[in-house]
Amino acid sequence: MIVEAGAFALILALGLSIVQVALSVAGRLRRSAALAGAGEGAALAAFIAVATAFAALMHAFVVSDFSVANVAANSHTEKPLLYRVAGTWGSHEGSMLLWCLALTGFGAAAAGLGRTLPRGIRSMTVATQGVLGSVFLAYTVFASNPLLRVIAPPVEGRSLNPLLQDPALAVHPPFLYAGYVGMSVVFSLAVAALIEGRIDAAWSRWVRPWALAAWSLLTVGITLGAFWAYYELGWGGWWFWDPVENASFMPWLIATALLHSAVVTEKRGALAGWTVFLALAAFTFSMLGAFLVRSGVLTSVHAFAVDPTRGVLLLIILGVTSGLAFTLFAWRAPSLAQGGLFAPISRESALVLNNILLAAATMTVLLGTLYPLIREAMTGESISVGPPFFSLTFVPFMAALLVLVPAGPLLAWKRGDARGVVQRLWVAVLIAAGVALLTVALVSPRKALGAVGVGLGGWLVAGAVTEIVERTRAFRVPAAETWRRMTGLPRGAWGMTLAHLGLGVFVMGAVFETAWKVEAAEALQQGGALNIGAYHVTLDGVRPVAGPNYDADQATMTVTRDGRPICQVKPERRLYTAGGQTTSEVGICYRGASHIYLVLGERRDGGAATAWLVRAYWNPWASLIFLGPVIMALGGLVSLSDRRLRMGVGRRREQPA
Amino acid sequence: MLLFWAVAGVLAAAAAGLILMRAAGASAEAGVADPAPALYRRQLTEIDELAERGLMGDTERRSAHAEAARRLLAAAEAPVQAWNADPGARRLVLLAAIVVPTLALGLYLKLGTPGMADQPYAQRLAGWQHSDLGALQAPEIAAVLRQATAQRPNEAEGFRLLGLAESASQNPIAAVRALRRAAALAPQRADIWLMLGQAEVAEAGGKVDADAAAAFRRRLVLQPGDPAARYFLAGAKSDAGDRPGAIADLTALAADLPAADPRRTQVQAAISRLEGKPVVTADPQQLAMIQGMVAGLAARLETRPDDPAGWVRLVRAYAVLGDTTKRDAAHASARARYAKAPQILDQLDEAARTEPKP
């Protein structure tokens, strides 16, 4: 009866979301605290109800209850427990339920934590969040119900795509969805502020923690996805400009722009209209991602089963919710107050430029993602837009932005002093140039563009450090004074420094790996060897091993350098019994930040003895690609812990003053 | 049913409770002032704090201070529209708290499957274990045997039976897996090697691959001259491109078989096909079975197309059956799907080149 209780809970959640809207709107109209409060109660209850439905579905997956259609289609009794749990969000229906869980979760958080908000904005935020919840819950209940039953359950389930049976991918969707859906609060706050006509510095500060939290979660989610693609797909790459990757990247870019423009609105009251626009755009891009993955217009490892009807429904949801919000924006934006003025060289101008470049970069990604789809729909001709397009469009915008990053935080508000900034950054310039020159001198083959890119990463890292040195006057005042200043720095400042530092680390890794990776592939017999860069890889042998739900051929490969043993790895080629798919389990030998990445390919039976296709990659500095974003997300969290953003704290501090 | 009503009741009560509690709490706080002025006042103190610690220049401090003060003034002077406790709303709130769960229950009774019990796998498996084998279907027998072999992992016979049940459940990969275990446990049993070889052939979509050939060779060692093993090994030769060798082996096999043996016609048909002559007969029953399996695979790929190995098997199976139209269609569609994965394309091309089988 657990499944049926979950099915009831899901429908109850829909009802609660609808009444959440009604009560909040009625409360706002009558200025009735009781009604608005009841709306908040409904938001909390809706979350509990969705959580119950989610728990029921998860239980069905754990006990392999194949009378639930979704479990039968996506699980298998031999699957390890972790992947049975992860199967809950491994399908279209289940992931929609996860989406609803995050949506009502953020709705409940907004209702529960929003006590520092003015009543009007608060009730309208809860109402908007309720509208989003109602729409997506209605979609889930009527068009994509994960708790539907089958009368004659099959003996076995059809199992989850084995590529998705991976620890990183088990946790990737929850982070990604929390990030995507976290933007919904920002969206709701923007709608509420437009309705109330209150878009000012205070509103911007209310938005910032939600945007920061969502951005950090999205950063972690995207990084986990990239890391999974790196070691699970066995192609040696970590980003393919796949439309679904782009779909997660666009809201991230917009959220990054939003975080920066919100600072201007908060400190100077300027750019209010633009900040609201970004707040609406961030969740719109999240919904676009949800649509792209489920519409069946894409062929991708991420794409769920093709179902045009559901795709059209999601497109309608996307069009109506965003369309209404942007119409509201167009109507109210002209009445927004002008903020403070600023000179062409100032922190504000730098942040405006940051926003222009980020927005332009987002547009190139949007174009590269949608153009092939639109063209295929119009002419039936399928074209592929790949890395060359993005290298020519996205990369120049980003490179321009990266050059500016270290200068921004050193510029004063209102009117900056360009000469002073240059003076303060000259050490960083020297370090960056040094890094680039060293790269040219030491790394072979020589690649000028690659060296410039690595230098750019060094520029970001050195710039971030310079910023802290400047703020604490390190090396110019006594150490104790520097320490006092360091501990006095607001967490938000530390968060920014960490985020910029992480970006630099990422750029260095990404450029170095892309420019200097080396590939080799050869069919090796037992005892055979191949060379990859300075390393020598020997295939010692291949033996069969049995996993819980797969049979694998496990290779033992030894890596040596100049005759000295470096490491031994055991890549596998797995055959999943349930679906008959094969996957590779990559063997990675870590050398500092660099990886020797080994893949066991298919068996070649022709010829004298059995041979195996072995692919080897030398991926220099690859760890930095994943470490950088982790530092960035950490920066987001540190910034989020700033007491100035902590809700409720301010009020308590206010009383003694 | 009791559990359902308990969960539904608790949920409905919790929802109603939360709505009523928050309504009452908010009523009590109706008079709280707008938080914006407080926030601006806090901004002012922050600016001072930063300046005191030397983290903000004097000019910057002055202008920031002036701006924040202007905002504070504006916020403090903004007309405040008071909210009221609205005791009259209580009835409305109570109504909502009762009506929503009731309507939700009504909708559930229409959309859900009221009264349908959970069916966890362990419970169903226990049911099959205690029922009459004859009443069970092949996949159910396979499930019971899987459980049994897990408990007695050293008995070859269990795995052999499991292999049979998996074959009958149209699950060639699982059949191969089980029979490999059986063969490893009882390497002296010639019957298991033959079954394993045939299962490997079925798994490879009709191709006698290296794994299958190895199994048939073991069978020949244990049972010298065995016609079935020789037949399949000749197939392996033709798959490797050695057509004359295959014909020679099959001709020798046909000569060794007694004239009355029905298998002789099958061997003759294979020879004719290899020689490019029209085929006289083929076993229609076996053909129908293979075609059924291929159709099943095609249908599965239709619904879950992201399965490179499945596409390779399908292309190879059509090639083996000699159905060039379907082979080319499947080949083209799979090539388009995996255009970016060269190693899958290689496998697909190789599968498409497979020779048709007798």
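This tour moves through chain A and then chain B, naming a selection at each stop.

The model is predicted, so that local features need pLDDT of at least 70 and side-chain atom pairs count only at pLDDT 80 or more, while totals for chains, interfaces and linings use all residues. Residues are numbered from 1 along each chain as its sequence is written, and chains are lettered from A and ligands numbered from 1 in the order in which they are written.

**Stop 1: the domains of chain A**

Colour chain A by its four stretches: domain 1 (1–163), domain 2 (166–347), domain 3 (406–516 + 625–630) and domain 4 (518–619). These bounds come from an automatic or database domain assignment. Select domain 2 and domain 4 of chain A together; their centres, taken over C-alpha atoms, are 40 Å apart.

**Stop 2: helix α2 of chain A**

Select residues 33–62 of chain A, which form helix α2. Helices (H or I, at least four residues) and strands (E, at least two) are DSSP runs, numbered from the N terminus. The 30 residues of α2(A) reach 43 Å from first C-alpha to last, close to the 44 Å expected at 1.5 Å a residue; the expected span is 1.5 Å times one less than the number of residues.

Is this helix mostly covered or mostly uncovered? It is mostly covered, with 24 of the 30 residues of α2(A) buried. A residue counts as buried if 20 or more other C-beta atoms, placed from the backbone, lie within 10 Å of its own, as exposed if 12 or fewer do, and as partly exposed in between. Just after α2(A), select A:Ser64, which takes a positive phi of about 55°.

**Stop 3: strand β4 of chain A and its partners**

Select strand β4 (residues 550–561) of chain A. Two strands pair if DSSP finds at least two bridges between them. A hairpin through three residues joins β3(A) to β4(A), and A:Pro544 stands opposite A:Asp553 in β4(A).

Which residue faces A:Thr560 in β5(A)? A:Pro565 stands opposite A:Thr560, and A:Arg561 stands opposite A:Arg564. β4(A) and β5(A) form a hairpin with two residues between them, and A:Asp562 in the turn has a positive phi of about 50°.

Strand β6 (residues 572–576) of chain A is also antiparallel to β4(A), with five bridges; here A:Gln554 stands opposite A:Glu572.

**Stop 4: the open sheet of chain A**

Now display the open sheet of four strands in the order β1-β10-β9-β8 (chain A), with antiparallel pairing. At its edges are β1 (518–525) and β8 (587–591) of chain A, each pairing on one side only. The twist averages 20° from one strand to the next. Within the sheet, select strand β9 (residues 594–604) and strand β10 (residues 611–619) of chain A, an antiparallel pair with eight bridges. In this pair A:Leu600 stands opposite A:Val614 in β10(A).

**Stop 5: chain B**

Finally, select chain B, which has 17 helices and zero strands. Its C-alpha atoms fill a box of roughly 110 × 60 × 40 Å, taken along the principal axes. Chain B has a radius of gyration of 37 Å, whereas a compact globule of 358 residues would have one near 21 Å. That radius is taken over C-alpha atoms, and the globule rule is 2.2 Å times the number of residues to the power 0.38. Of the 358 residues of chain B, 39% count as buried.

Definitions and conventions. Axes fitted to C-alpha atoms, helices over the stretch in contact; angles between N-to-C directions.
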